[in-house]
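Subject: Handover of a structural model

Dear colleague,

Please find below the model that I am passing on to you.

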Amino acid sequence: MNGYEKSDDDHQPLMWVREYAVYAAHFIVGVFVASMIVSTLMMAANSGHLLAWLTFDSADVLQGQVWRVLTYGLVNPPSLNFVIDMVMIVWFGRELEKFFGRRIFLRFYAGLYLLMPVLFTLIGLRWPMRLAGESGALATFIAFATLYPNVMMMFNVLTKWVAVVLVAVYTLVALAYHDWLGLFSLWVTTAYAYGFVCYEQGRITLPSFRLPKRKPKLRVLPDLKVEKTIEINATKEDSASEMDALLDKIAQSGLASLTAKERSQLAKAREELMQKRSGRS
């Protein structure tokens, strides 16, 4: 059991047609096959020029026709290469979906589908770029070979060596015909497929960027303890001066000369003095 196998529906087929399991990879292929049939009928009816509204053109996208980023892959004239691509997506995409689950597989294919039009839009700020008919079959196989590098294929050749040979051959073809855009697309999608699988397996990690935080401004707070001490000391000094004044009055005029308020102050001071003495003892 691999680390991605679960008992939930994410690793189960979308549906069953009799005894055949239908996965999301089959659904993707079904969409492409339907687009191929529609493209064929439009070309047969001499309406192929209408397909130009679906192809990717960086100049048109930058002018607001953003739907081309999503519809460029629906322009698929019939060809033997198209059939081979569909078979590769069914075989290898299904295995990726079984291992990672439907959500991760769909995230992989959505990123693969949008990768080149997004990059071509950025490059289109300097040079006009065009794209039509994308299936992502080779990148799907690269992802499968990254996941299962030692699986035997035809003639007992390991999948990792088949992937290396295919990328090398397509690279040589692009170089021979000066297809720089095709070469760029080949290596970018290959790197994406390899990096996606390695990331999901935990073999590589993305760098984390932390923005510097502003240090809080320092505020000078008043020393409340000192102020309280000063206030207490001032109160004690006032009380001592009041007591001295009362004692001087008693010495000069006698105890009977004190008013009711002064008698109360004298009694209060006497109580505080008794409390202090009892605390020391």
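I begin with helix H6, whose buried residues pack against helix H4 (80–100), helix H5 (102–123), helix H7 (159–176) and helix H8 (180–200). Helices (H or I, at least four residues) and strands (E, at least two) are DSSP runs, numbered from the N terminus. Buried means under 20% relative accessible area, with exposed over 50% and partly exposed in between (1.4 Å probe, protein chains only). Because 11 of the 11 residues of H6 are buried, this helix is largely enclosed by the rest of the structure. Among the buried residues of H6 are Leu-138, Phe-141, Ile-142, Phe-144 and Leu-147.

Please note that this is a predicted model, in which local features need pLDDT of at least 70 and side-chain atom pairs count only at pLDDT 80 or more, while totals for chains, interfaces and linings use all residues. Residues are numbered from 1 along each chain as its sequence is written, and side-chain values use heavy atoms, with hydrogens and water left out.

As to confidence, the mean pLDDT (the predictor's confidence in each residue, from 0 to 100) of the protein chain is 83, and 77% of its residues reach 70 or more.

The overall architecture is as follows. The protein chain contains 10 helices and 4 strands, arranged along the sequence as β-β-α-β-α-α-α-α-β-α-α-α-α-α. Of its 281 residues, 33% count as buried. Contact means heavy atoms within 4.5 Å; of the contacts with a separation of 6 or more, 64% are accounted for by residues 24 or more positions apart.

Axes are lines fitted to C-alpha atoms, for helices over the stretch in contact, and angles run from 0 to 180 degrees between N-to-C directions. The axes of H4 and H5 come within 7 Å and cross at roughly 130°. The two helices are therefore oblique to each other (angles under 35 degrees count as roughly parallel, over 145 as roughly antiparallel, 65 to 115 as roughly perpendicular and the rest as oblique). Ile-89, Gly-93, Leu-96, Glu-97 and Phe-100 of H4 meet Arg-102, Ile-104, Phe-105, Phe-108 and Tyr-109 of H5 in this contact. By class, these residues comprise 7 nonpolar, 1 polar and 2 charged, where Ala, Val, Leu, Ile, Met, Phe, Trp, Tyr, Cys and Pro count as nonpolar, Asp, Glu, Lys and Arg as charged, and the others, Gly among them, as polar.

For helix H1 (residues 24–44) and H5, the axes come within 10 Å and cross at roughly 35°. H1 contributes Ala-24, Ala-25, Ile-28 and Phe-32 to the contact, and H5 contributes Arg-102, Phe-105, Leu-106, Tyr-109 and Tyr-113. This contact has 8 nonpolar, no polar and 1 charged residues.

Two individual residues complete the account. Val-69 lies in helix H3 (residues 68–71) and is buried, with a relative accessible area of 15%. Beyond its neighbours within four places in sequence, Val-69 is in contact with Phe-56, Val-61, Tyr-113, Leu-114 and Pro-117. Val-69 and Leu-114 are 45 residues apart in sequence, yet 7.0 Å apart in space, C-alpha to C-alpha. Ser-58, in helix H2 (residues 58–62), counts as buried at 0% relative accessibility. With neighbours within four places left aside, its contacts are Phe-120, Thr-121, Gly-124, Trp-127, Pro-128 and Met-129.

Yours sincerely
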